[in-house]
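Take a look at the model below. We will go through it one part at a time.

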2 protein chains.
Amino acid sequence: MYSACMSTPERLIEATRELLWERGYVGTSPKAVQQAAGVGQGSMYHHFAGKPDLALAAIRRTAEELGAAAEAALGGEGTAYARIEAYLLRERDVLRGCPVGRLTMDPEVIADPALRAPVDEVLGRLRARLAEVVQEGLDSGELSGPLDAAEVAATILATVQGGYVLARATGTRDPFDHAVRGLLTLLAPAAATA
Amino acid sequence: MYSACMSTPERLIEATRELLWERGYVGTSPKAVQQAAGVGQGSMYHHFAGKPDLALAAIRRTAEELGAAAEAALGGEGTAYARIEAYLLRERDVLRGCPVGRLTMDPEVIADPALRAPVDEVLGRLRARLAEVVQEGLDSGELSGPLDAAEVAATILATVQGGYVLARATGTRDPFDHAVRGLLTLLAPAAATA
DNA sequence: GTCTATATAGCGATAGAC
DNA sequence: GTCTATCGCTATATAGAC
């Protein structure tokens with residue numbers, strides 16, 4: 001339930017974002033969204049064409065937010081290693097999972113190019129951005145070894161996404177933290193030779 | 001649709017496994033299962049108490065299979081690194097995702113301790129088994145550095161699980177392969193010092 | 001064991017009054 | 001813009017005949 005300080009479309013989008021995160025696209029009904037937003041049936045269909053349309057608005061915003069949060073860490077101060085570390089250690093609601101990565105397990109999101117596009121786009125950009133930072137580290141000699149920047153970038157992002165999976169399986173965030181620390185120690189020896 | 005060479009419960013379980021993999025628990029209806037299995041309504045409820053009961057049987061079998069497939073690679077011949085490599089490179093239907101990891105994104109699976117248990121158990125065992133192999137490598141000096149076996153094990157499993165996420169986002173298996181190769185090169189320098 | 005019939009609820013959307 | 005009414009369909013069973 002969202003307070004009256006938000007417009008109706010705004011409340012619908014925010015309610016949808018929460019429900020998509022919690023239950024996915026398949027598990028989220030227009031009715032549940034309306035109730036969470038405190039909005040009537042007809043009101044929703046006045047502002048949005050239907051469930052896919054509303055979901056698209058929600059997914060776009062969530063993707064945008066994820067991109068901004070990642071950039072806050074990766075575009076910060078410090079060495080390449082420090083920025084990767086900042087990205088990996090940034091505050092996360094681990095047990096809720098990744099609001100974007102989660103959608104990749106949803107058959108109807110994957111089947112609909114419009115819904116998949118923001119997911120694909122933001123994860124692709126994040127991977128490219130991580131590759132830039134890794135390459136920076138390789139160029140400066142901070143990271144060494146026969147590393148391929150694009151590959152290591154994929155490993156970093158996969159570790160995060162997979163960490164969520166393992167954490168949700170156990171019901172504790174421990175496996176996520178282990179995976180991240182393991183990755184940091186694997187990256188560190190190269191960094192230490194700088 | 002499953003051929004007549006399988007018993008009715010067997011066909012129901014196999015059909016459920018497929019649908020859980022494809023659509024998750026929330027997205028899988030008893031009706032869809034019955035049609036896929038070529039079995040009538042009443043027949044399903046004769047053999048299983050309901051959707052959760054049938055799903056439990058399906059999840060248990062899928063978890064068991066995953067454990068066996070992983071052990072086939074990790075319990076094989078060769079060095080610790082070679083067995084980890086075999087595990088990472090084993091044949092996978094990458095774009096379908098992990099039939100077990102997928103379930104962790106399902107709110108109703110996570111909320112039901114009975115359904116979550118096989119998921120938690122098999123991923124926990126796999127993590128422990130990977131840690132054993134990593135520790136073996138550290139003990140023999142094949143792997144070196146200040147590595148924590150449990151942490152690296154979590155990183156390996158997370159990379160695989162996250163690789164599926166990235167692959168499904170793009171619609172190609174490339175990010176999965178990149179993530180795995182990146183991880184192998186991060187593990188390799190240590191292995192090379194053996 | 002398998003079948004059809006029936007039941008209650010919710011889904012996703014449309015219609016039309018206010 | 002928002003509301004209530006309604007629609008055709010599916011979800012998840014239960015009942016009871018065969």
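A salt bridge here is a side-chain nitrogen of Lys or Arg within 4 Å of a carboxyl oxygen of Asp or Glu. Keep in mind that this is a predicted model.

Start with one pair in chain B. The side chains of R17(B) and E14(B) form a salt bridge, with N and O 3.4 Å apart. Why are these two separated by about one helical turn? Because they sit three residues apart in helix 1 (residues 8–23) of chain B. Are they buried or exposed? R17(B) has a relative accessible area of 14%, so it is buried. E14(B) is at 15%, so it counts as buried too. Chain A has a network of such bridges. Through shared partners, E10(A), E14(A), R17(A), R61(A) and E65(A) are joined into one network.

E18(A) and R96(A) meet in one, at 3.1 Å from N to O. E18(A) belongs to helix 1 (residues 8–23) of chain A, while R96(A) lies in the loop between helix 5 (80–89) and helix 6 (107–111) of that chain. The two are 78 residues apart. R96(A) also meets E22(A) in a salt bridge, at 4.0 Å from N to O. E22(A) is in helix 1 of chain A as well, and 74 residues separate it from R96(A). How accessible are these side chains? E18(A) is at 32% relative accessibility, so it counts as partly exposed. R96(A), at 23%, is partly exposed. E22(A), at 43%, is partly exposed.

Now take an arginine without a salt bridge. R168(B) sits in helix 8 (residues 149–170) of chain B. R168(B) is buried, yet it has no salt bridge. Which side chain of opposite charge is nearest? That is E22(B), 6.8 Å away. What does R168(B) reach instead? Its side chain comes to 2.9 Å from the backbone oxygen of L95(B). A polar atom of the R168(B) side chain also lies 2.6 Å from the backbone oxygen of T104(A). Leaving aside neighbours within four places in sequence, the contacts of R168(B) include M105(A), I110(A) and R116(A) in chain A, and R96(B) and G97(B) in chain B.

UniProt, in an unreviewed entry, places the feature "domain: HTH tetR-type" at residues 6–66 of chain A. Over that stretch the chain is 77% helix and 0% strand.

Look at DNA strand C. Of the 15 residues around it, S29(A), P30(A), Q41(A), S43(B) and H47(B) come nearest. Helix 3 of chain B gives the largest share of this surface, five residues. The side chain of S43(B) has an N or O atom 2.8 Å from one. A polar side-chain atom of K51(A) lies 3.1 Å from one. For G40(B), a backbone N or O atom is 3.1 Å from one.

DNA strand D also has 15 residues around it. Here helix 3 of chain A gives the largest share, five residues. An N or O atom in the H47(A) side chain is 2.7 Å from a phosphate oxygen. G40(A) uses a backbone N or O atom, 3.1 Å from a phosphate oxygen. The side chain of Y45(B) has an N or O atom 2.9 Å from a sugar or linking oxygen.

Note on methods: Residues numbered from 1 in each chain as written. Chains lettered and ligands numbered in written order. Predicted model: local features only at pLDDT ≥ 70, side-chain atom pairs only at ≥ 80, totals over all residues. Heavy atoms only, no water. UniProt positions renumbered as here; feature names shortened; annotations may be inferred. Helix = DSSP H or I, 4+ residues; strand = E, 2+ residues; numbered from the N terminus. Buried < 20%, exposed > 50% of the residue type's maximum accessible area, 1.4 Å probe, protein only. Lys, Arg positive; Asp, Glu negative; His and termini not counted. Polar contact = N/O pair within 3.5 Å; in protein donor to acceptor, adjacent residues only side chain to side chain. Contact = heavy atoms within 4.5 Å. Near = heavy atom within 4 Å.
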